Amino acid sequence: MKKGMKKLAAVCAAIMLLFTGSIITGCELGPKIYEEGDFKYFISERTVTNETGKRKNVKEIGLDGLTEEGKQKEIIVVPSEIKGYPVTSLSRGGWFWAEGEETELDSGMLESENLKAIYLPKGIEVRAVKTFAFCSKLEKIVYLGAIGHFEAKINENQKRYIRYRDADLDENGTALCGERKYYANISYYYNYESAENEGFYWIDNFAYGEKIGYIPEEPKRTGYTFGGWYKEAECENKWNFDSDTLPQAKYNENGDELYQETKLYAKWIKE
């Protein structure tokens, strides 16, 4: 009898999850899926209350897997918005307990045989457990903002990179800060007061002694023109992506590679 009740509870949980996803699409089972650039996506809506107590509905974008175009790319930058709506989640996830085991109801995972690196902007929540499980060549997952409360499982060859903020290194002087989670060794700064994201524009990670293999899109600032990336905040020496390299690797007495941060600063020219 108890076994039958567990099965019934599991079925009910699954139905409720699917029903929740179909709220904004009427009679359709699950949200309506659209395509834009590298991603499939859906639109969700929720009610928020502002400081004056006034309630309003806001629409948000949830990403739901890669398009055929996206599956061909080796590097992907997750968009901050689509059609003017903020992107808040990557994949859909949920789970419930049935027969004493966790059952996954995830959907919208990334599937690619080409993807090697993916960059996630601030405010993106990774919701599905296996979001990155089906990207056989993916090695680098870069969180440009803070990691959300949920972290997807990753494969053995995948590493996650986060911002370095003068945190303590481990006892060997290396920058490991969790299971295959590392401090990125390149930090790009907006380089002006009151900049968003605690001053960070971008982070990345490449091998010591090598060139930076990916140049991010130029940052924007109202009333200013971007003038390039420089090696110091005073913008005296410009970083040459064609010839400049990261510092050579250094090691401690145990042979462990030491962490070294390369900082790049944006130059701004007033219009």
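1. In β19, threonine 225 has isoleucine 269 as its bridge partner. The model under review is predicted. The pairing of β18 with β19 (residues 262-270) comprises 5 bridges, and the two strands run antiparallel.

2. The sheet to which these strands belong is open and has 4 strands, in the order β17-β16-β19-β18. Its pairing is mixed. At the edges lie β17 (200-204) and β18 (224-230), each of which pairs on one side only. On average, neighbouring strands of this sheet are turned by 20° against each other, with direction ignored. In general, strands of a sheet pair through backbone hydrogen bonds, either parallel or antiparallel.

3. Alanine 133 is placed in the loop between β11 (125-126) and β12 (134-135). Asparagine 155 is 22 residues away from alanine 133 along the chain, yet the C-alpha atoms of the two residues are separated by 6.4 Å.

4. Glutamine 158 is located in the loop between β13 (140-143) and β14 (159-162). Is this residue buried or exposed? Glutamine 158 is buried, because its relative accessible area is 0% and the buried class covers values under 20%.

5. The side chain of glutamine 158 also takes part in a polar contact: one of its polar atoms lies 3.1 Å from the backbone oxygen of phenylalanine 132. This distance of 3.1 Å is within the 3.5 Å cut-off for such a contact.

Conventions. Residues numbered from 1 in each chain as written. Predicted model: local features only at pLDDT ≥ 70, side-chain atom pairs only at ≥ 80, totals over all residues. Heavy atoms only, no water. Pairing = 2+ DSSP bridges. Axes fitted to C-alpha atoms, helices over the stretch in contact; angles between N-to-C directions. Buried < 20%, exposed > 50% of the residue type's maximum accessible area, 1.4 Å probe, protein only. Polar contact = N/O pair within 3.5 Å; in protein donor to acceptor, adjacent residues only side chain to side chain.
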